[in-house]
Amino acid sequence: MNIIVVGLSHHSAPIELREKLAFNANRIEEPLRELVSLPDIAEGLIVSTCNRVEVYAVTRDIAAGIAQVKRFLAAFHSLPFDVVEPHLYGYHGENAIRHVFRVASSLDSLVVGEAQILGQVKAAYGYAAEYKSSGLILNRFLHKAFSVAKRIRTETGIASSAVSVAFAAVELAKKIFGSLSDKTVLLIGAGEMGELAAKHFVSAGVGDVLVANRTFERGERLAGEFGGRAVPFDDLFDHLHKADIVLSSTGASHFILVPKKVAEVIRRRKLRPMFFIDIAVPRDIDPEVNSLENVYLYNTDDLQGVVENNLEQRRREAEKAEEIVDGEIGQFLAWLSSLEVVPTIIALRSHFEGIRRAELAKTLASWKDLTPEEEKRLEALTSAIVNKLLHVPTNVLKQTGQGNRTDLYLDALRNLFALSTEPVAGQDDPPQDEDEGWKSE
Amino acid sequence: MSVYFYITVLVLYGAATLLYLLYIVLPHDTVGRISRWVLATGFVCHCTFTFFRYLEAGHTPITNLHESLSFFSLTIVAVFLGFQHRYRAVILGSFVTPLALLVMLVSAIFPSVIVPLNPALKSGWLGFHTITAFAGYAAFAIAFCAGIMYLLQEHFLKNKKLGALYHRLPSLEVLDDINYRCLTIGFPLLTLAIISGAIWAESAWGAYWSWDPKETWSLITWFVYAALLHGRLTTGWRGSRAAILAIVGFCVLLFTFLGVNLLLPGLHSYR
């Protein structure tokens with residue numbers, strides 16, 4: 001059995017095409033059924049996000065499997081095959097496994113290290129499990145992918161720092177204030193960026209939100225959204241001392257907060273720290289404010305610099321993550337190749353044969369007065385028993401042949417008789433830690 | 001016997017210091033856990049060492065510089081272990097353990113022989129006076145470390161230099177809170193040490209207060225911390241001001257402790 005990946009992503013296709021190929025999560029049952037009813041596809045699942053549409057499938061015939069899934073993707077969305085095909089990639093074997101591990105670990109994402117993709121792949125797997133389009137191999141495969149993603153998340157710093165301006169501001173606030181739950185955010189102006197940043201602060205759990213906007217009504221509406229209060233813009237300085245975090249994004253053409261005023265506010269606050277975030281262009285806050293005691297001022301460029309730094313750090317951590325992925329591929333390939341009929345039959349036979357020989361040798365050793373003739377008969381008798389015992393299972397395995405259930409049988413056999421999971425000929429990457437490979441459920 | 005414990009303590013504190021410093025570059029939970037255990041083991045050995053000294057000497061083993069520096073180090077570690085538990089700030093150890101180790105190493109310079117206690121000092125006040133003094137010193141030592149950490153973190157935030165150390169250090173609020181907590185622990189202890197010292201002085205030397213250099217400098221130290229506490233409670237001296245004062249206070253305190261003993265002749269010059 002082989003794992004294949006067919007699909008497109010932000011690397012290979014423009015948004016116009018990606019949105020045409022996207023699958024609706026609410027109507028995912030039908031495409032999943034169609035997918036596994038393709039002649040060469042035994043198991044399948046569909047990952048569909050705004051950045052990628054991918055099919056992970058199990059097939060006996062790699063070339064046919066990939067071709068069928070490609071046609072399915074175009075046909076299901078009634079798109080001409082020639083338009084879609086150039087953007088589709090198809091991986092198999094080691095490359096397919098690497099690809100899925102990288103996707104789940106967010107190494108293939110537009111923003112490396114973002115946390116959403118793992119949840120999306122988990123959801124896609126959930127649908128496949130619900131509608132029974134995934135089987136033994138995809139189950140084990142996806143669980144392995146999740147554990148690789150978890151390992152990467154805990155062992156590398158790939159997702160440890162903010163990569164958006166708004167998130168960077170929230171992280172800085174946490175470094176200044178520790179907990180945000182008893183802190184107040186004041187939003188000055190109701191520009192789009194300010195609103196977005198305020199939203200991030202609200203979901204980070206700030207205690208209170210104040211909105212000061214030139215049009216009071218708009219301020220009130222916005223405050224309502226955040227569960228906060230609007231204050232009249234002209235009374236700004238009567239309320240400034242209540243704010244720990246000030247988000248400023250007005251359209252003013254001059255500084256609205258100058259050091260002298262802010263110094264007064266800080267004194268009124270008994271020197272409790274204030275964090276000013278100036279996301280307006282042109283700037284709202286005089287940069288000199290930053291030199292006041294216990295005042296921290298970040299403008300758009302500063303935050304952008306933080307984000308750039310974090311991205312750079314993520315890229316370095318991603319290299320460590322790639323090494324982890326490479327190490328894990330070998331293990332999974334070893335397990336996959338153990339699900340082949342012939343090597344399993346050979347392993348099963350040698351397991352039984354080993355028991356027969358050992359028991360026979362014990363008997364012969366304690367039973368000294370046997371003639372060679374009698375020894376031969378014992379030999380023949382035990383051989384016959386083993387052969388008869390194994391006859392039916394061997395035939396069933398050979399006959400079930402190409403179907404999905406073979407893998408179940410093979411896996412069960414290997415577990416029941418503790419047959420070795422050593423990779424068969426052609427695999428040069430032995431499993432480093434068998435346990436890990438076997439117990440991912 | 002006690003000398004073996006002393007060496008074990010030195011080795012374990014050395015190892016804990018290296019581990020806590022390693023934590024700065026390798027911030028793994030495992031590293032943090034191992035560091036804590038190594039330090040806690042060192043602490044237990046240190047307590048045992050002090051207890052043996054007590055048995056050998058027959059009085060509280062804080063009568064010369066060797067003993068008092070060792071005891072100072074012990075109290076620093078004790079207060080730190082308590083703080084680490086409460087604030088879960090492993091990184092505090094990267095600043096405190098080097099200090100505890102340094103104090104321990106300095107104590108090794110001074111002769112460790114047990115000298116018979118000066119008859120004037122034979123009193124139940126010896127234990128109370130020295131233990132409260134050093135417990136207070138230890139709290140101020142932690143405040144000193146938190147102050148340095150605060151100034152570093154503030155520097156990173158103000159100048160937008162957000163490197164690895166910035167990510168490891170706790171938030172300004174937590175550091176300021178540690179500073180304040182240390183002050184509220186250290187100040188009453190220092191006050192008790194000064195009062196008990198005065199009472200003891202009356203019975204040993206016949207006067208409550210004789211403006212001996214140690215007494216003068218203790219009073220100066222007390223005023224520095226009193227000013228900090230007052231500023232904090234009334235006008236909100238917090239953040240960098242509190243951090244700087246905690247650092248200044250600790251320098252004055254070190255002079256009171258070491259400078260007076262080594263440089264200024266007086267009743268308290270025990271070596």
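Helices here are DSSP runs of H or I with at least four residues, strands are DSSP runs of E with at least two, and both are numbered from the N terminus. The expected span of a helix is 1.5 Å times one less than its number of residues.

Before you start clicking, note that this is a predicted model, in which local features need pLDDT of at least 70, side-chain atom pairs count only at pLDDT 80 or more, and totals for chains, interfaces and linings use all residues. Residues are numbered from 1 along each chain as its sequence is written, while chains are lettered from A and ligands numbered from 1 in the order in which they are written.

**Stop 1**

Select α4(B). Its 19 residues reach 29 Å from first C-alpha to last, close to the 27 Å expected at 1.5 Å a residue. Colour its buried residues (20 or more other C-beta atoms within 10 Å of their own, with C-beta atoms placed from the backbone); among them are L92(B), F95(B), V96(B), L99(B) and V103(B). The buried residues of α4(B) pack against α1, α2, α3 and α5 of chain B, where contact means that two C-beta atoms, placed from the backbone, lie within 7 Å.

Next, select residues 29-57 of chain B. This is helix α2, whose 29 residues reach 42 Å from the first C-alpha to the last, close to the 42 Å expected. Its buried residues include V38(B), L39(B), F43(B), H46(B), F49(B) and R53(B). They pack against α1 (2-25), α3 (65-87) and α4 (91-109) of chain B. Step just past the end of α2(B) to find G58(B), with a positive phi of about 85°.

**Stop 2: a nonpolar core**

A nonpolar core is a set of buried Ala, Val, Leu, Ile, Met, Phe, Trp, Tyr and Cys residues joined through C-beta atoms within 7 Å. The largest one has 124 residues, and A169(A), I76(B) and I142(B) have the most contacts inside it. The helix that gives the most to this core is α5(B), with 16 residues. Click on I142(B): beyond its neighbours within four places in sequence, I142(B) is in contact with V79(B), F80(B), F83(B), V96(B), I178(B) and C182(B). A second, separate core of 63 residues includes A57(A), F72(A), L88(A) and I158(A).

**Stop 3: where the chains meet**

Show both chains. Here 14 residues of chain B are in contact with 17 residues of chain A. On the chain B side, α5 (125-159) and α7 (172-205) each supply at least two residues, and α7(B) has the largest share, three residues.

**Stop 4: strands of chain A**

Select residues 274-278 of chain A, strand β9. How many of its five residues are buried? The count is five of five. M274(A), F276(A) and D278(A) lie on one side, with F275(A) and I277(A) on the other.

Strand β8 (residues 245-248) of chain A pairs with β9(A) in the parallel sense over four bridges, and I245(A) stands opposite F275(A). Strand β10 (residues 295-299) of chain A also pairs with β9(A) in the parallel sense, over five bridges. There, L297(A) is the bridge partner of F276(A).

**Last stop: a loop residue**

Find L240(A) in the loop between α11 (236-239) and β8 of chain A. Is L240(A) buried or exposed? L240(A) is buried, because 23 other C-beta atoms lie within 10 Å. Leaving aside neighbours within four places in sequence, L240(A) is in contact with L186(A) and V265(A).

Terms used. A residue is buried if 20 or more other C-beta atoms lie within 10 Å of its own, exposed if 12 or fewer, and partly exposed in between; C-beta atoms are placed from the backbone. Two strands pair if DSSP finds at least two bridges between them.
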